[in-house]
Amino acid sequence: MKFAVNENCIACGLCVSICPEVFALNDEGVSHAKQQPKSKDEEERAEKALEDCPVDAIEHA
């Protein structure tokens with residue numbers, strides 16, 4: 001499954017702390033999907049980041 005971060009991001013960093021392999025903060029300080037999950041573990045943690053995001057900024061692409 002693919003993931004993307006939309007304009008709702010408030011740069012809280014929760015997604016980065018849950019799945020740093022997929023999510024990172026960019027130069028503007030907001031999150032983006034730097035790559036897509038490469039393993040089942042990464043996909044599960046990226047999905048957890050989607051579910052836990054306080055502003056629903058992560059979505060399936």
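Is Asn6 buried or exposed? In this predicted model, Asn6 is buried, because its relative accessible area is 14%, under the 20% that marks a buried residue. Asn6 lies in the loop that runs between strand S1 and helix H1. From there, its side chain reaches the backbone nitrogen of Asn8 at a distance of 2.8 Å. Beyond the residues up to four places away in sequence, Asn6 touches Asp56, Ala57 and Glu59.

The loop between strand S1 (3-5) and helix H1 (14-18) also holds Ile10. Ile10 has a relative accessible area of 53% and is therefore exposed, the cut-off for that class being over 50%. When neighbours within four places in sequence are set aside, Ile10 is in contact with Pro54 and Val55.

The interior may be considered next. In soluble globular proteins, nonpolar side chains tend to be buried together. Here the largest nonpolar core has 13 residues, and those with the most contacts inside it are Phe3, Cys19, Phe23, Ala46, Ala49 and Ile58. Helix H1 and helix H2 (40-52) each supply at least two residues of this core, and the largest share, 3 residues, comes from H2.

Phe3 shows how one member of this core is surrounded. Apart from its neighbours within four places in sequence, Phe3 is in contact with a series of residues that includes Phe23, Ala46 and Ile58. Among its other contacts are Ala33, Gln36, Pro37, Glu43 and Leu50, as well as Glu59, His60 and Ala61.

Notes. Residues are numbered from 1 along each chain as its sequence is written. This is a predicted model: local features need pLDDT of at least 70, side-chain atom pairs count only at pLDDT 80 or more; totals for chains, interfaces and linings use all residues. Side-chain values use heavy atoms; hydrogens and water are left out. Helices (H or I, at least four residues) and strands (E, at least two) are DSSP runs, numbered from the N terminus. Buried means under 20% relative accessible area, exposed over 50%, partly exposed in between (1.4 Å probe, protein chains only). Contact means heavy atoms within 4.5 Å. A nonpolar core is a set of buried Ala, Val, Leu, Ile, Met, Phe, Trp, Tyr and Cys residues joined through side-chain atoms within 4.5 Å. A polar contact is a pair of N or O atoms within 3.5 Å; within protein, one must be able to donate a hydrogen and the other to accept it, and residues adjacent in sequence count only if both atoms are side-chain atoms.
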